[in-house]
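I opened this notebook to record what I looked up, one element at a time. The entries follow the order in which I went through them.

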Amino acid sequence: RRENLFKTINDIRELGFRIENLYNIKTKHITALVNHYADLLQQGQIAVNTIHNRLSHLNSLLRWIGQDKMIKSISSYHNLPAKRSKVAHVSKAWADQKIDSIKLIEQVRLKNERFADALCLQKAFGLRSKESLLLKPHLADKGNYLYLTHGTKGGRDRVIPIETQEQRQLLDKLKAYIGKNASLVPTGIKYVNFRRSYYRTLKQCGICRADGITAHGLRHEHLNNLYEQVTGSKSSLHGGNLHKDNPELDSYGRNLVAERAGHSREAIAAAYIGGKR
């Protein structure tokens with residue numbers, strides 16, 4: 001929430017408004033912000049969910065300080081989608097976009113070894129970017145499973161089995177050059193600065209929303225592959241009909257995907273592997 005609020009206030013400032021105090025925020029600032037987000041959405045540089053989250057968090061903050069009538073309901077802004085979908089309709093997986101992940105990750109490696117290894121973690125374990133950057137390999141590696149505690153969403157720890165030679169080799173490689181109590185973020189560098197450099201480097205290599213490819217696509221790819229491995233059927237996003245042919249097996253696969261992704265509800269799996277319609 002704090003990160004979203006800082007980003008939103010910075011967005012208002014970059015639009016040319018001098019905001020030195022939260023009480024300075026007026027309706028004209030919100031209108032300009034919404035129009036800016038609508039333009040970014042049309043250009044494919046921001047997601048609908050991101051817009052909803054930022055406006056929601058800003059609205060909460062303004063209500064706390066008594067400015068509760070500043071932001072209208074999303075449906076009142078005709079240039080923004082009123083609803084956000086939590087069901088994937090188009091695959092974000094790199095493989096589905098005919099992208100050679102090995103080759104592209106090696107391009108990133110030429111610029112920064114740790115950024116490339118973070119992408120490898122996302123591909124091999126289905127981690128979020130934050131989880132991969134904050135992973136402490138010596139502490140997380142429990143032999144036959146990875147125990148995630150740092151950077152997880154909502155502080156929800158989870159376990160991911162180490163099942164392939166690729167996963168084992170990656171962890172051993174990380175432990176060879178990262179300290180016992182350290183993460184991929186180098187000692188002496190703040191996470192927020194390291195993350196900023198990470199996304200800047202990815203953008204330089206063509207990995208950004210504007211180019212139709214994000215690091216998050218590796219996580220989507222991992223989770224779709226997981227579903228297909230455990231059920232023997234393609235996900236509904238890839239044209240599978242297991243939700244009709246064998247609802248019980250489909251539910252098992254969806255629950256596993258949700259758990260592997262760090263969620264507790266089966267319905268969340270639809271954001272990665274498609275819905276049941």
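Entry 1, the strand pair. I began at Tyr-147, which stands opposite Val-159 in strand β2. I take strands (E, at least two residues) and helices (H or I, at least four residues) as DSSP runs, numbered from the N terminus. The two strands, β1 (residues 145–148) and β2, run antiparallel and are joined by four bridges; strands count as paired if DSSP finds at least two bridges between them. In β2 (residues 158–161) I noted a covered face with Arg-158 and Ile-160, and an uncovered one with Val-159 and Pro-161.

I am reading a predicted model, in which local features need pLDDT of at least 70 and side-chain atom pairs count only at pLDDT 80 or more, while totals for chains, interfaces and linings use all residues. Residues are numbered from 1 along each chain as its sequence is written, and side-chain values use heavy atoms, with hydrogens and water left out.

I checked the length of α10 (residues 216–231): at 1.5 Å a residue its 16 residues should span 22 Å, and the end C-alpha atoms are 23 Å apart, which agrees; the expected span is 1.5 Å times one less than the number of residues. I then looked at Gly-232, which follows α10 and has a positive phi, near 75°.

I found that the axes of α10 and helix α12 (residues 247–261) come within 9 Å and cross at roughly 145°, where axes are lines fitted to C-alpha atoms over the stretch in contact and angles run from 0 to 180 degrees between N-to-C directions.

Which helix holds Gln-122? I placed Gln-122 in helix α5 (residues 113–125), and it counts as buried because its relative accessible area is 0%; buried means under 20%, exposed over 50%, and partly exposed in between, with a 1.4 Å probe and protein chains only. Its C-alpha atom is separated by 7.8 Å from that of Ala-215, 93 residues apart along the chain. His-222 itself lies in α10 and is buried at 11% relative accessibility; with the same exclusion, its partners include Lys-123, Phe-125 and Arg-260.

Methods
Contact means heavy atoms within 4.5 Å. Lists of a residue's contacts leave out its neighbours within four places in sequence.
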